[in-house]
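Let's take a walk through this one, a stop at a time. Keep the viewer open and follow along.

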Amino acid sequence: MALTTQTQSNLLQKPFLPHPSLSRSSAFPAAAALPSRKPCPASSIKCSVTAAPSVAVTASKECKVKSVKARQIIDSRGNPTVEVDLITDNLYRSAVPSGASTGIYEALELRDGDKSVYGGKGVLFAVKKINEVLGPKLIGIDVRNQADVDGVMLEIDGTPNKSKMGANAILGVSLSVCRAGAGAKGMPLYKHIQELSGTKELVMPVPAFNVINGGSHAGNNLAMQEFMILPVGASSFAEALRMGSEVYHILKGIIKAKYGQDACNVGDEGGFAPNVQDNREGLVLLMDAIEKAGYTGKIKIGMDVAASEFYTKDGKYDLNFKKQPNDGAHVRSAQSLGELYKEFVKDFPIVSIEDPFDQDEWSSWALLRSSVDIQLVGDDLLVTNPKRIAEGIQKKACNALLLKVNQIGTVTESIQAALDSKAAGWGVMVSHRSGETEDNFIADLSVGLASGQIKTGAPCRSERLAKYNQLLRIEEELGNVRYAGETFRSP
């Protein structure tokens, strides 16, 4: 249908509502006023698995919240999580992820705690908070104004870590509001996020495929959690996905031949979990697969150490932490562990290491950053929290943010975290969690923010592929769009 000439008032120009984490001078830039459009059929459902809509898709004229309803669903690990339906003229559905290795500074994930039901992991309390508190307060609010909607929820919660309402409750609503805002403006979600964040150019991200799982994500003896491949030499996201998939299948054959069929079982994020203990051996496996696939030089390596998972009470790191008790032969000091990383960087084409030390060992982080010329990513260290990011910048502890929306709990704060990190010259890697659903919001987020990099597991398991497939759709939709490639750290 043709656009009308009538324009609507620009509510995105309003500043953040006063809240400790939002009352910042670096508020998001305003988006231009948008023309009104004729309404879509009310039966349409805009959910996590729909394809990226064309810019020409007709949008709903209605931009006010009519109803919000939450429910308990099941994530990829078989645990309960929150799903939220928000209705304007259409229904917008979002689901919340959940992590296994979580930082102690993350916003609170509200669980029921009744051990007789889902082992205490139910989320009916969070669902009730949405249906009885947050939802009713948002009736009539304009979904195009993400910062104000998130600000309302943060004021209702009133705690520094969202412990009253629960970050999983607030995030579920925030994600659906963002989808509804895109729908009200008649544009794809990634384009709406681009406007919210003031991103100048949309860029397709380099995928970081987690193809060997260890740590808390797998039942093998590997201490380090993720061994990833990054196809920086691809010419497009579609080619990067093909390269990653080909290496993944070749790696499966190598692992099967060396360790047996049962070693091809996959971890929470779709990567293989061969029963090896030497982390160097995991890197050698990646190199063999990359070479056999013919992508030497085109595919680089990344690691997520998740060192807080094996940080000991006496300030050391136990690389045999899964076997307790043990003889202590694999315990290293921070200095020794730092030397091991430098050996890895020298011997392998490693371009990124995430969480190499504990979340409170700032000095060890800073020392490693000053001695290697690679990306050091803060996950447990930063937990997508603007205050932790500011501390990381001041202490020169790392040079990249791992952006997880459920660590901070709102779209607004997630975007602000990305903007703060970019302003400091850092990279931004958008990330899934080990407990995922078919929701693909982070695919649009990575493009809309032009993050240049995304990690959302191996090219295996539908909850991981939901994100990669959405990125294929977005790239097709945009046509002539740049792939971050070698410039993934600063696209």
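Since this is a predicted model, read everything below as a description of that prediction. Start with helix H11, which is mostly covered: 10 of its 13 residues are buried. The buried set is Val411, Thr412, Glu413, Ser414, Ile415, Gln416, Ala417, Ala418, Asp420 and Ser421. H11 takes in residues 411-423 and reaches 18 Å from first C-alpha to last, close to the 18 Å expected at 1.5 Å a residue. Past the helix comes glycine 425, with a positive phi near 85°.

H4 (residues 189-197) and H12 (residues 441-448) have axes that come within 8 Å and cross at roughly 45°. That angle is why H4 counts as oblique to H12. As for handedness, the crossing of H4 and H12 is right-handed.

Last stop: arginine 464, which sits in helix H13 (residues 462-478). Is arginine 464 buried or exposed? With the cut-off for buried at under 20% relative accessible area, arginine 464 counts as buried because its relative accessibility is 0%. So who surrounds it? Setting aside neighbours within four places in sequence, arginine 464 is in contact with Asp268, Glu269 and Glu436, and also with Ser76, His432, Arg433, Ser434, Gly435, Thr456, Gly457 and Ala458.

Methods
Residues numbered from 1 in each chain as written. Predicted model: local features only at pLDDT ≥ 70, side-chain atom pairs only at ≥ 80, totals over all residues. Heavy atoms only, no water. Axes fitted to C-alpha atoms, helices over the stretch in contact; angles between N-to-C directions. Helix = DSSP H or I, 4+ residues; strand = E, 2+ residues; numbered from the N terminus. Parallel < 35°, antiparallel > 145°, perpendicular 65-115°, else oblique. Left-handed = near helix turned anticlockwise from the far one by under 90°. Buried < 20%, exposed > 50% of the residue type's maximum accessible area, 1.4 Å probe, protein only. Contact = heavy atoms within 4.5 Å. Expected span 1.5 Å × (residues − 1).
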